Amino acid sequence: MTKDSILQNRFILSELVKKGIRLKYRRSYLGIVWSLLEPLLTMIVLTIVFGTLMGVKDETFPVYILAGRLFYGFFSQSTTAALKSIRVNSSIIKKVYVPKILYPLSAVIFNYVIFLISLIVLAIVSIVLKVYPTLYLVQAVLPLIVLFLLGLGVGLVMSTIGVFFRDMEYLWNVLLMLIMYTSAIFYMPERLLKSGWGFVLKLNPLYCTIACFRDSIFGRPLEIKLLCYSFLFSVLAIIFGIFIFKKNEDRFILNI
């Protein structure tokens with residue numbers, strides 16, 4: 001799908017994004033406010049549990065955890081939503097022609113909108129714990145962009161696989177757990193990086209993106225190698241995702 005085609009269907013895309021946000025909080029009394037409370041409550045639990053277990057004395061540890069939790073939360077939710085997007089919208093696909101790639105694209109976009117809103121919590125917690133912004137915070141734009149590209153690339157791949165391989169939904173949940181533990185969300189990676197297993201973290205593009213974002217928050221220059229790796233991985237995932245999606249989309253109707 002070309003850029004011009006997306007622009008031509010931007011109204012449909014925006015409606016799909018709005019629909020996704022409405023459905024996500026359809027049965028929630030708190031609505032979108034929950035996107036602020038959930039990461040905050042998770043941060044508190046993880047700080048108490050892992051801060052105590054690892055004996056972390058750093059008062060800014062909750063900010064460290066929350067940054068990783070928000071990034072992982074977006075990646076997990078956006079790719080899972082994209083994986084289900086074709087089957088969830090099967091009734092529409094069978095009745096009305098809409099470029100099918102809009103479904104996984106909208107799934108990633110609406111989760112990204114919610115993710116950006118949830119960053120308000122990170123800003124508040126950072127100020128409360130005296131992690132004040134520096135000039136390095138401007139760098140945060142780069143890992144934020146890469147995060148979206150990463151979610152989109154993996155989401156496109158998952159959306160195609162999910163049509164033909166229904167069990168991928170359950171398998172992906174297991175893989176997400178592996179990704180979470182290799183993203184250093186609730187532990188400091190220094191000891192692991194110095195060991196012979198440090199490459200496991202650096203092979204994970206989500207970890208690389210999270211590490212760069214944390215650098216921006218805590219006033220450190222970005223690790224360019226990590227950022228370039230995650231960006232390259234994301235771009236290749238998008239190219240591959242579009243390729244297999246377009247190659248197989250005509251067969252979707254036979255499998256939904």
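I looked up the largest pocket and found a volume of about 410 Å³. The model is predicted, and local features need pLDDT of at least 70, side-chain atom pairs pLDDT 80 or more, while totals for chains, interfaces and linings use all residues. Residues are numbered from 1 along each chain as its sequence is written, and side-chain values use heavy atoms, with hydrogens and water left out.

Next I turned to the nonpolar core. A core here is a set of buried Ala, Val, Leu, Ile, Met, Phe, Trp, Tyr and Cys residues joined through side-chain atoms within 4.5 Å, where buried means under 20% relative accessible area with a 1.4 Å probe, protein chains only. The largest one has 75 residues, and Phe75, Ile86, Phe115, Leu122, Trp172, Leu206 and Phe213 touch the most other members. Helix H4 gives the most to this core, with 14 residues; helices are DSSP runs (H or I, at least four residues), numbered from the N terminus.

Then I searched for aromatic pairs, taking rings of Phe, Tyr and Trp (its six-membered ring) with centres within 6.5 Å; planes under 30 degrees apart count as stacked, over 60 as edge-to-face and the rest as tilted. The whole structure has 13 such pairs. One of them joins phenylalanine 74 and phenylalanine 115, tilted, at 5.6 Å centre to centre and 40 degrees between the planes. Phenylalanine 74 lies in helix H4 and phenylalanine 115 in helix H6, 41 residues apart. I checked burial: phenylalanine 74 is buried at 2% relative accessibility, and phenylalanine 115 is buried at 3%.

Last, I noted one aromatic cluster, formed by Phe71, Phe74, Tyr112, Phe115, Phe148 and Phe213.

How values were computed:
1 Å grid on protein atoms, 1.4 Å probe; cavity = no way out; pocket = protein on both sides within 12 Å on 5 of 7 lines; lining within 4 Å. Points joined across faces, edges and corners; volume = space filled by probe spheres on them. Buried < 20%, exposed > 50% of the residue type's maximum accessible area, 1.4 Å probe, protein only. Helix = DSSP H or I, 4+ residues; strand = E, 2+ residues; numbered from the N terminus.
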